[in-house]
Amino acid sequence: MNDIIAAILWRVGLEQEPIEPLKGATSSYVFRAGESVFRIHTNAAWLKQEPDLVAHEVFALQAAGHLGPDVENYQLTQEGAIPPWIQMTHLPGTVRLERIDRSYLRQLAKTLVRIHQLPVPERRYQYAPYATQRMVPSWAKQTEVWQRAVAEPPAESRQIRFIHRDFHPVNVLYESAEKYNVVDWINACVGPIEVDVAHCRLNLALLESLEAAEQFLAEYIEWSGFSYDRKWDLTAVFDFEPETIDVYPGWKAYGKANISRANVRERMENIVLKVYENDESGY
């Protein structure tokens, strides 16, 4: 990897800059050099499935405009020993996982609203759920509720916008109380806003609590004026592959070490239960 990094930095004129590996990435190698951030695609299986990953991220960052980093340079395909890579501007801020209070959740929701207010780009990349099948996980305690969730028709949306697709606290940098910066746009696309809301809600529920997820939803609805069908929570749950759900490595990387797999499973089941809590037919 050192030779690959050196070759890329030489190409862009940053060969003298020190290298700072960045935490949290699980499917690519991400590092900072000077005022730039680089992503090198080292996951061969992911590249085989989506060979246009760099082109996708370029599209996403151009659509994100001032809400994301600027594209500086990139290589779309494998060139010799050098995998596809992208260079983008560095955004200030730090990941905050220890103080998920009401003010944090309010600004998190406002940040997502700003993304959903962006112009909708050409629909080159469109949303599709990750999970095509739903199954009751073997660890489930409330199996009847899970069976109901499995049989639930996918939720529908008429609120189609530009979405981040992986919006959650590890991908949000705290710069100040009123400014959060968003990174990791590689999955951004045109799709239902509820996908982002549900994905973030589930992350908050697993990371912190169902109460935090509920507060985030209340703030999002207040600032956006959009409605929300909680059946989208089920789409997020099954996208997470509940059978194999475990503690996300990014949480530990940023200091949240007091979560176990048992915690994660219990909290995931709680968010499924919440969908059916007040109404026999769901929300």
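Predicted model: local features only at pLDDT ≥ 70, side-chain atom pairs only at ≥ 80, totals over all residues.
Trainee: At what angle do α6 and α8 pack?

Mentor: Helix α6, residues 193-207, packs on helix α8, residues 231-239, at an angle of about 65 degrees. Their axes are 8 Å apart.

Trainee: What does that make α6 relative to α8?

Mentor: Roughly perpendicular, because angles from 65 to 115 degrees count that way. As for handedness, α6 passes α8 in a right-handed crossing.

Trainee: Which residues in α6 and α8 meet?

Mentor: From α6 there are Glu194, Val195, Ala198, His199, Arg201 and Leu202. In α8 they meet Trp232, Asp233, Ala236 and Val237. By class, this contact of α6 with α8 has six nonpolar residues, one polar and three charged.

Trainee: Moving on to α10. How do α6 and α10 pack?

Mentor: The angle between α6 and helix α10, residues 261-275, is about 135 degrees, and the axes are 8 Å apart. That makes α6 oblique to α10.

Trainee: Is the crossing of α6 and α10 left-handed or right-handed?

Mentor: Right-handed. On the α6 side, Arg201, Leu202, Ala205, Leu206 and Leu207 make the contact. The α10 side supplies Val264, Arg267, Met268 and Ile271.

Trainee: And how many of the residues in the contact of α6 with α10 are charged?

Mentor: Two are charged, seven are nonpolar and none is polar. Arg201 and Leu202 of α6 are in this contact with α10, and both also take part in the contact with α8.

Trainee: Back to α8, then. How do the axes of α5 and α8 cross?

Mentor: The axes of helix α5, residues 143-151, and α8 cross at roughly 100 degrees and come within 10 Å. The two helices are therefore roughly perpendicular to each other.

Trainee: Which residues meet in α5 and α8?

Mentor: Trp146, Ala149 and Val150 of α5 meet Leu234, Val237 and Phe238 of α8. The residues of this contact divide into six nonpolar, no polar and no charged.

Trainee: New topic. What volume does the second largest pocket have?

Mentor: About 240 Å³.

Trainee: Which residues line the second largest pocket?

Mentor: The lining consists of Gln49, Glu50, Asp52, His56, Tyr125, Gln126, Tyr127, Ala128, Tyr130, Arg165, Asn187 and Cys189.

Trainee: How does the lining of that second largest pocket divide by class?

Mentor: Into five nonpolar, four polar and three charged residues.

Definitions and conventions. Residues numbered from 1 in each chain as written. Heavy atoms only, no water. Axes fitted to C-alpha atoms, helices over the stretch in contact; angles between N-to-C directions. Helix = DSSP H or I, 4+ residues; strand = E, 2+ residues; numbered from the N terminus. Parallel < 35°, antiparallel > 145°, perpendicular 65-115°, else oblique. Left-handed = near helix turned anticlockwise from the far one by under 90°. Contact = heavy atoms within 4.5 Å. Nonpolar A, V, L, I, M, F, W, Y, C, P; charged D, E, K, R; others polar. 1 Å grid on protein atoms, 1.4 Å probe; cavity = no way out; pocket = protein on both sides within 12 Å on 5 of 7 lines; lining within 4 Å. Points joined across faces, edges and corners; volume = space filled by probe spheres on them.
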